[in-house]
Amino acid sequence: MGNADTKLNFRKAVVQLTSKSQPIDASDESFWDQFWSETVTNVQDVFALVPGAEIRALREESPNNLATLVYKAVEKLVKIVDSSCRTQREQQTALNCSRLLTRVLPYMLEEPEWHSFFWSSLPAASENDSVPLAQSLINAICDLLFCPDFTVVSTKRSGPERAEELSSLDSCEYIWAGGVGFARSPARSAQHEAARAELLRLLLTCCSETVYKPAAQAATHHNKWIAYLTSPENRHALPLFTSLLNTVCSYDPVGLGLPYNHLLFADTLEPLVEVALQVLIVTLDHDTSNVVNEDSDERLPDNLFINYLSRIHRDEDFQFALRGVTRLLNNPLQQTYLPNSSKKVALHQELLVLFWKMCDYNKKFMYYVLKSSDVLEVLVPILYHLNDSRADQSRVGLMHIGVFILLLLSGERNFGVRLNKPYTATVPMDIPVFTGTHADLLVVVFHKIITTGHQRLQPLFDCLLTILVNVSPYLKTLSMVSSTKLLHLLEAFSTPWFLFSRPHHHHLVFFLLEMFNNMIQYQFDGNSNLVYTIIRKRGVFHALANLPHEHAAIARSLAAARAPPAALPRSRSAESVAEAAMEGSRPAQPAEPGTLNATLPDTPAIATMTERESAHPPAREQLLPRRDGDGEDRSPERARVAQKEGLRVGAEAGGAGEAEWRPSGEWVSSWRGRLPLQTIMRLLQVLVPQVEKICIDKGLTDESEILRFLQHGTLVGLLPVPHPILIRKYQANAGTAAWFRTYMWGVIYIRNVDPPIWYDTDVKLFEIQRV
């Protein structure tokens, strides 16, 4: 009964506050104490008892009282820190203050006029001690995150008189978990984990000013909260960063591996890991290097979190971080004989953002990942999620981040080399059964995405094919299944009506031809399956060489289609007959109606995301002929023609410009002559007569005999001089940075539903839609 009474008293205080039009005196302690001294038992109660509409009404009608409420709550936290938060009562009060602030802050951050309030000092502060309210709040939260007997286990002898002063405590001795830079693994306590999670949730809320800026402003917006939290002025910056990283990377959801133990015991660690991961990626998103403060024209201090992340260099630290990320990424994929018997965590979206940031800010970490087959432990879960999400429009963001990570990795030779490792299916996936390598898995999944994915994935096609081109020079052998899939893509992309229906569809053909050329020139010996499939499908190449470019023929091709112009043609060849999918797999499902979905910016064009680099040492480079890569003439003259024709590369959003697109004969001629068909045509010229002769002489209808012939054949001296290998390496750019920021906050918004921190506030960075 007592609990109901305290809720009633708390609710009465809220009603009193919102109904008084006169300012309530800040010194009326008995009134203000009602908000945090009562034992409101959890954050859900605070959200229920303080409705959003009442906070808004308070903000509009009695802003003084809202200001006093927030300042009194922060002041209370500061006082608790000053007395070192030793008693149970103070700890409860600290949690109540943080719950109330978590509830109220979003309604202040959504209103630009309130932003300066947090950066002005407390009314009670003397002249020389004027610390802005936001800084006081962050300092207090960080002090409390390393508070013995509240959020960390005390290392000193017990008893209040022996407790350490919080203000002078060395928090580096109290890092939450062993791992990077900290060898000891402190004892776990469910109570401490729960308290940390609540304080981190408030910290995450403080950092969320970004979601109330439109995307264009968010790119240049200086988030002072994050800047202060990660600056040298925060004495806890290093232990906090280390605690967050180690908490995430040491988490093992399965633990002892006893079946069903997650149903018997509540896991207090998972909520902490989730919010720690979210705080970590949000703070790493605010790169202040070389940024000038708009208010004072001074260079901003570096973000120490990014600085620390970029300076990790020991192999054992890399191994710890990579193991942690791959353990959690692979967790939802693990198969057990007993249904639902082991715990599944849903952290993969935030983990992929963290992995991206780690590779982006610490190149040594990326090279470590690629040094061994460990990279495949990242590849397989990414391909699993790509394949599983391909029909679900609420997971388009997940599809993008998976592809962006593979694009980043594909710029390194080692990634292509690692793909040659044989693949043993451990996860049931809705793809055709094949025997082969991880490269085959990559091709088969990409084919599935392109041919059966949601239409909103079309802007990713350039990216998918760029990844395949980047790895192609290193693929020793492709299976018959994946060779057939690649030829099916070429067949689909090279139908005249598809080529002519959008200004940049021909790029897809250039990418595929470049991939085939790389494999024929550099990996001919092991790729008899691919060569055989090219011979069987030789008509596709002859048709490309004779592509119509007269105006009437183009018009006929477009009229003949009478299909939605942006859709991918379905091949009518035998390969597209229903194939047996892996046992135990389920087809990719569309989004459940009503699923919340955050909007995303347009996919950056591949030309802005990548830069071309030669994969050869400089000496060899001079011996190789130059060539053009993706069918885009780089001459200024061509650029002018392209502008005139409205050639909008990569903007497959189907905007107004696309609708008016009309292909011309000159446009087709401008790229048709540059299709890199010479190598393949030479291969066909040499091998087709030989294969036909074998078939006639031996009366063969069996392909194994032909494959055996091709395996032992050689084209040395018969093909054109090998072209240089061009790799399109990912380059950091404003478009991708904006995309990641929006995606990350969209994920965090949707994942924080209990309590719903930002729900029903005026978010501007993205829109929330229901599927």
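Modeller: A salt bridge here is a side-chain nitrogen of Lys or Arg within 4 Å of a carboxyl oxygen of Asp or Glu. Bear in mind that this is a predicted model, where local features need pLDDT of at least 70, side-chain atom pairs count only at pLDDT 80 or more, and totals for chains, interfaces and linings use all residues. Residues are numbered from 1 along each chain as its sequence is written, and side-chain values use heavy atoms, with hydrogens and water left out.

Colleague: Which helix do Arg708 and Glu705 lie in?

Modeller: Helices are DSSP runs of H or I with at least four residues, strands are E runs of at least two, and both are numbered from the N terminus. Arg708 and Glu705 sit three residues apart, about one turn of the helix, and both belong to helix 36 (residues 703-712).

Colleague: Is Glu110 buried or exposed?

Modeller: Take its partner too: Arg56 forms a salt bridge with Glu110, with the closest N and O atoms 2.9 Å apart. Arg56 is in helix 4 (residues 52-61) and Glu110 is in the loop between helix 6 (88-109) and helix 7 (115-118), so the pair ties together parts 54 residues apart in sequence. Buried means under 20% relative accessible area, exposed over 50% and partly exposed in between, using a 1.4 Å probe and protein chains only. Arg56 has 25% and is partly exposed, whereas Glu110, with a relative accessible area of 6%, is buried.

Colleague: How many residues apart in sequence are the parts that Arg586 and Asp388 tie together?

Modeller: Those two side chains meet in a salt bridge at 3.5 Å, N to O. Arg586 lies in the loop between helix 29 (551-561) and strand 3 (596-598), and Asp388 in helix 19 (residues 375-389), so the parts they tie together are apart in sequence by 198 residues.
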